[in-house]
Amino acid sequence: MKKIFSLILVSCLCFVSTSAASSVPKLFGYQVPKTGSLFVPTSALNDIGVNVKWNPSEQRIDLELGQTKLILTIGKKEAYVNGELVELTELPYSIRGVKYVPLRFVTEKLNLKREWNGDTASVSVIAGEQIAELPVIKQTVDPSKGKPILSEKRTFKVGRQSFSANMVTISLLHPKIRLGVALAHNEIGKVDDLNQMAKKNGAAVAINGSFFNAYTESDIKNPYGNVISGGEQKLKDLSDRRTIFTFDKNNLVKLVAGTDYRERYKEFVLEGAVQAGPRLVKDGKVSLNVVEEGFKDPKILTGGGARSAVGITRDHKLILITLGGATIPQLAEIMKQAGAYQAMNLDGGASSGLYVEGKYLTVPGRQISNAIIVKYE
């Protein structure tokens with residue numbers, strides 16, 4: 001079984017002309033240039049078995065795998081492959097101590113495979129049985145610049161109706177952003193106020209997570225589905241078919257079908273996950289299949305109410321939205337309009353809540369079981 005590492009690829013994704021790019025694969029609608037222009041952090045290569053050495057006095061990077069040894073120098077076009085001088089078209093560079101080397105050159109010379117993943121805007125670098133999955137974005141600037149958390153009120157129009165929503169956008173590639181799943185009192189089956197869960201976990205942002213047994217008279221109010229927090233599977237239900245919000249230690253977010261998780265859960269190396277659903281948006285289009293996800297209430301598509309949803313943009317931004325009085329199809333259209341390329345519904349009704357930087361934007365009507373949280377460290 002392949003071991004999967006998910007790490008950040010701070011990208012310099014340059015573009016080629018339309019005529020030159022006619023046979024170039026597309027990643028999230030962007031032309032992926034054959035000539036490269038993508039840079040991988042050396043830490044990613046180290047995690048898939050490449051021996052990486054750094055010489056600070058010479059600003060030199062040595063990469064070795066099997067019988068092949070590469071020598072690259074920060075800011076210089078001269079490189080060596082097993083002692084033979086070659087010229088680079090893209091120069092290695094460093095940002096805040098992280099060294100980046102050209103992806104295409106390194107993978108080709110070290111005989112590593114590359115696979116583009118359009119649904120997550122990522123590239124997988126494969127060395128034997130190990131994989132490093134790296135987010136890529138249409139960006140040529142330092143991802144640490146700009147405001148990492150942006151909250152706003154937005155009005156969306158669906159058909160003849162207008163909906164006022166609280167919306168928070170988080171830059172997942174910002175180096176100080178960390179995602180988490182908070183459990184009420186750090187236990188499965190407990191409930192707590194959303195703002196208390198955020199404060200206890202040092203979170204700047206928190207939104208309610210999965211469905212749970214809110215109406216039982218028992219003190220134990222278990223969540224439904226699979227829950228992962230701090231890299232540990234806190235609750236496992238492989239029979240649950242609903243969509244799962246997942247992320248790794250480097251904020252690579254994916255929405256995974258419950259059936260896929262059941263079949264492949266041992267392959268996922270996840271930091272956190274909550275299962276809710278239904279899926280709202282897939283690959284930029286409204287996508288609803290409530291029967292396939294196991295929802296049995298006939299009112300799931302027609303009933304209105306308070307809603308919470310999570311989405312992911314093509315450039316690795318997380319969108320959190322709460323609003324009142326919408327149906328699931330209306331919520332799906334709203335998430336699409338908000339810019340989500342992938343999106344799913346979270347628990348709603350009295351559970352719907354959104355906490356941002358010390359205050360509620362949406363106040364839940366009850367205590368909840370778990371929450372998706374965002375830390376600014």
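Helix 5 is followed by G339, whose phi is positive, near 105°. The model is a predicted one, in which local features need pLDDT of at least 70 and side-chain atom pairs count only at pLDDT 80 or more, whereas totals for chains, interfaces and linings use all residues. Residues are numbered from 1 along each chain as its sequence is written, and side-chain values use heavy atoms, with hydrogens and water left out. Within helix 5, which spans residues 328–337, the buried residues include I328, L331 and M335 (buried is under 20% relative accessible area, exposed over 50% and partly exposed in between, with a 1.4 Å probe and protein chains only); helices (H or I, at least four residues) and strands (E, at least two) are DSSP runs, numbered from the N terminus.

Five strands form an open sheet with antiparallel pairing, in the order 17-31-18-29-30, where two strands pair if DSSP finds at least two bridges between them. Strand 17 (177–183) and strand 30 (359–362) each have a single partner strand and stand at the edges, so one side of each is left without a neighbour in the sheet. Strand 18 (residues 205–208) is joined to the antiparallel strand 31 (residues 370–376) by four bridges, and A206 has I373 of strand 31 as its bridge partner.

The structure holds nine salt bridges, each defined as a side-chain nitrogen of Lys or Arg within 4 Å of a carboxyl oxygen of Asp or Glu. One of them links R60 and D62 at 2.9 Å, N to O; R60 is partly exposed at 25% relative accessible area, whereas D62 is buried at 9%.
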